[in-house]
Amino acid sequence: MQVTIDPHSGFCFGVVHAIEAAERELQDNSTLYCLGDIVHNHLEVERLKNRGMVTISHEDIKTLHDCKVLIRAHGEPPETYETALRNRIVLIDATCPVVLTLQNSIHRGYMEMKKNNGQVVIYGKEGHAEVNALKGQTGGTAIVTGGENDLKQIDFTRPVRLYSQTTQSADGFKKVAKLIRERMEESATAHAVDFKSHDSVCGQVSNRVVHLAGFAAQFDLVVFVSGRNSSNGIILFQVCKDVNHRTYMVSNSAEVRREWFENIQSVGVCGATSTPLWLMEDVAGEIQKIKD
């Protein structure tokens, strides 16, 4: 049985940047606070916890003073920076550059819509850390839609600026943009449709969709490694599953099942942008033991 790890899977640039920032700080400090899980992978979080990282909540940061807090790749709303300033907290800002650019774009869109009685709409997952930070750029007024069922929140007679959470599906974004434009055109009477969409899906994520579809098709079976709370992981797992029905998701090597591999000659191991290479190697090693 041949086992192959996808060389293009694993941490995206934004996650690598955040983890490297954390590791640099932990070399000189015994404790570093991180606002939320640094990555949606509990084993990587545990590894950094063992080095001195303490994961805190937004309620916790309000009680901290004179310390260092890391902002992860997802970014934070303006209120977090205001709290840090009041409490003399030094922020290690590891917001992904792609997310930071999107935050600035959404803020400009919000200021435009505020003048024109318009709406900012974000295609994403309500409650996700990145989306919370993006909503913060609009004073919490942005409408979040996960798909067609959520579009009823939008007033189609008013201007709309549409953006996407960076880890969402590019095809899903295009579908939502098309539906919004169509409904605005249906609702238009004497006024012109004022709608602009900004495809802010991260290129690393959208490129991986195409790559993983090709990767998954090469093997008898695919093992997708990801934390189950990773939005990106859920999307990319489904990409593999659509191409290869023998695709299984595991969060660690203990979840690998021997019975999956009966009469299997080739196995592909891949993962989400929040999956560390060492974890995919660990899963591949467990599969090799079954072979041996």
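## Largest pocket

In this predicted model, the largest pocket holds about 340 Å³ of space. Its lining is formed by 25 residues, and those nearest the pocket centre are Cys12, Val15, His74, Thr167 and Thr273. When the lining of the largest pocket is divided by class, eleven residues are nonpolar, twelve are polar and two are charged.

Four helices each supply at least two residues of this lining: α1 (13-28), α5 (97-115), α8 (203-216) and α9 (231-243). Among the contributors to the largest pocket, α1 gives the most, with three residues.

## Second largest pocket

The second largest pocket contains about 200 Å³ of space. It is lined by 13 residues, of which Ser169, Ala170, Asp171, Ser206 and Val209 are the closest to its centre. The class division for the lining of the second largest pocket is seven nonpolar, four polar and two charged residues.

At least two lining residues of the second largest pocket come from each of α7 (170-187), α8 and α9. The largest share, four residues, is supplied by α8. The helices α8 and α9 also each supply at least two residues to the lining of the largest pocket.

## Packing of α8 against α9

Two packed helices are described by the angle between their axes and the distance between the axes. For α8 and α9, the angle is about 30 degrees and the axes lie 8 Å apart. The crossing in which α8 passes α9 is right-handed.

On the α8 side, the contact is made by Val205, Val209, Leu212, Ala213 and Ala216, and on the α9 side by Asn232, Leu236, Val239, Cys240 and Val243. By class, this contact of α8 with α9 comprises nine nonpolar residues, one polar residue and no charged residues. Val209 of α8, which takes part in this contact, is also one of the residues closest to the centre of the second largest pocket.

## Packing of α1 against α2

The helix α1, which gives the most residues to the lining of the largest pocket, also packs against helix α2 (residues 42-49): their axes come within 11 Å and cross at roughly 15 degrees. Because angles under 35 degrees count as roughly parallel, α1 is therefore roughly parallel to α2. The crossing of these two helices, α1 and α2, is left-handed.

In this pair, Ile19, Glu23 and Leu26 of α1 meet Glu44, Arg47 and Leu48 of α2. The residues of the contact divide by class into three nonpolar, no polar and three charged.

## Packing of α5 against α6

The axes of α5 and α6 come within 9 Å and cross at roughly 35 degrees. Their crossing is right-handed.

Val99, Leu102, Gln103 and Ile106 in α5 are in contact with Glu130, Ala133 and Leu134 in α6. Divided by class, the contact of α5 with α6 has five nonpolar residues, one polar residue and one charged residue.

Terms used
Residues are numbered from 1 along each chain as its sequence is written. This is a predicted model: local features need pLDDT of at least 70, side-chain atom pairs count only at pLDDT 80 or more; totals for chains, interfaces and linings use all residues. Side-chain values use heavy atoms; hydrogens and water are left out. On a 1 Å grid over the protein atoms alone, a cavity is a set of points where a 1.4 Å probe fits but cannot get out, and a pocket is an open set with protein on both sides within 12 Å along at least five of seven lines; lining residues have an atom within 4 Å of a point. Grid points are joined across faces, edges and corners, and a volume is the space filled by probe spheres set on the points. Ala, Val, Leu, Ile, Met, Phe, Trp, Tyr, Cys and Pro count as nonpolar, Asp, Glu, Lys and Arg as charged, and the others, Gly among them, as polar. Axes are lines fitted to C-alpha atoms, for helices over the stretch in contact, and angles run from 0 to 180 degrees between N-to-C directions. Angles under 35 degrees count as roughly parallel, over 145 as roughly antiparallel, 65 to 115 as roughly perpendicular and the rest as oblique. A crossing is left-handed if the near helix is turned anticlockwise from the far one by less than a right angle, and right-handed if clockwise. Contact means heavy atoms within 4.5 Å.
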